[in-house]
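Biologist: Hello! Could you take me through this structure and show me how to read its features?

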Amino acid sequence: MELYNLKHPDQKVSFTEAVKLGLGRDRGLFFPTVIPVLDDVEALLAMPFVERSKHVLGAWLAQELGQEMVDSLVEKAFNFDLPLVKADDKRYCLELFHGPTLAFKDFGARFMAQCLNSLATEDKITILTATSGDTGAAVADAFYGLDKIQVVVMYPQGKISLLQEKMFTTLGENIHTVAVESDFDACQDLVKAAFEDADVRDGLHLNSANSINISRLLAQICYYFEAVAQFKREHKGDPVIAVPSGNFGNLTAGLFAKAMGLPIKRFVAATNSNDTVPRYLTDGQWQPHKTVATMSNAMDVAEPSNWPRVEAIVEAMGWELNAITGVALSEADTDKALKQLQQGGYLSEPHAAIAAEALSLTMNHDEQGIFLGTAHPAKFKDVVESVLGIELPLPAELQAVADKPILSVAMQPSFSALKAHLLATLG
Ligand SMILES: Cc1ncc(COP(=O)(O)O)c(C=O)c1O
């Protein structure tokens, strides 16, 4: 698979290089030179998820990695369910939160972890990442126990929920966690400083495992195929798919799936009041406002970093950008959407509820739609309980970590302290 840098098209890399580099020169995103088109989508849709995903990812990667390696990566990464659940007569939720950390991120993070572990030629790679909550859990869980990789997760002490903290600080082995006595920005500054320091960067073979990595997006393509496969078992037409969006990685993967030949009628890009994209789709003006805090906080992004990839797919396929419908919901509308779903018998959380409502607002009377369920309602327990006036039981995955001890090292926000710690522990 060949990819090029969207900012410097002369920079061309293989998939293996793109996975290890993450970003190209000048922080340019890697984009595939060719988008493969699948011959017999109907036959693929009849297959079980894991089997089908081997074909879907093989179309991108088999030439470079060999089909056998692709099969093995898929088998190790995708080992949990993703049911399409009826929310009401016209809307279905593709529940992507049945993985180990109860979020859609498990798909991308687990596949990326398997790719890095298999493709790394260095003795050992160190993943260094900062988290304000959920990413830490998905990354730590995905890389836990892999022999070639050490993980260091930094987070602001006391500024994430205790349960979130327990999900990644109780694992041990190759997962090292640092509680920084400051805020999330300080954690990000420390990560940046580490990547700029040659002793740490080169000595520990640093990699960031961030969500811009192409391996994560390829993995996410597979669940769109599963959504349509399950939908088509009961319906004749093609579904409209609404994607709760922040950084727009999820929508990028959906567009790749459609470009490969998956029958999706159209996409709805659903955001909270951080609405740069819906406004842009309406008036053609790219004018990010300051980020505002909302109850769907994983989508509080004013400058989505994957957007150049969305435009590149649309251009490569000769589609119109305005074929994507943008919908932005206020906090009051999110509240209402969550309640409406509950009244119809479907318990959700704010991110998915925004996408569900975006379907209702944009579908014609003869259409049916799918919205992506990106997180388990219990991951947003406080908001869901307060909006719906209910008590949510803790799922087994969260219950299991609740009583385990936290293994983090506490640290002042000082790069010299971090450097000494990293070199002493991992060097
Ligand atoms: C629960 C949840 N929903 C939706 C999103 C948005 O996905 P994307 O950033 O790919 O647009 C995120 C991103 O972190 C998320 O955590």
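Modeller: Gladly. Let's start at the ligand: a polar side-chain atom of Thr374 lies 2.7 Å from a nitrogen atom of the ligand. We call this a polar contact, a pair of N or O atoms within 3.5 Å; within protein, one must be able to donate a hydrogen and the other to accept it, and residues adjacent in sequence count only if both atoms are side-chain atoms. The protein buries 91% of the 390 Å² that the ligand exposes when taken alone, with accessible areas from the Shrake-Rupley method and a 1.4 Å probe.

Biologist: What should I know about the model itself?

Modeller: This is a predicted model, in which local features need pLDDT of at least 70 and side-chain atom pairs count only at pLDDT 80 or more, while totals for chains, interfaces and linings use all residues. Residues are numbered from 1 along each chain as its sequence is written, and side-chain values use heavy atoms, with hydrogens and water left out.

Biologist: Which residues come nearest to the ligand?

Modeller: Lys105, Gly246, Asn247, Phe248 and Thr374 come nearest, out of 14 residues around the ligand; here a residue counts as near if one of its heavy atoms lies within 4 Å. Lys105 places a polar side-chain atom 2.9 Å from a ligand oxygen atom, whereas Asn247 has a polar backbone atom 2.8 Å from an oxygen atom of the ligand.

Biologist: Now the sheets. In what order do the 5 strands of the open sheet come?

Modeller: In general, strands of a sheet pair through backbone hydrogen bonds, either parallel or antiparallel. Strands here are DSSP runs (E, at least two residues) and helices are runs of H or I (at least four), numbered from the N terminus; two strands pair if DSSP finds at least two bridges between them. In this sheet the order is 9-6-7-8-14, with parallel pairing. Strand 9 (206-207) and strand 14 (409-411) are the edge strands, each pairing on one side only. Strand 6 (residues 125-130) and strand 7 (residues 149-156) share 6 bridges, and Ile125 stands opposite Ile149 in strand 7.

Biologist: Where is the antiparallel pairing?

Modeller: Look at the open sheet of 3 strands, in the order 2-1-3. Strand 2 (12-14) and strand 3 (30-32) each have a single partner strand, so one side of each is left without a neighbour in the sheet. Strand 1 (residues 2-5) pairs with strand 2 over 3 bridges, and Tyr4 stands opposite Lys12 in strand 2.
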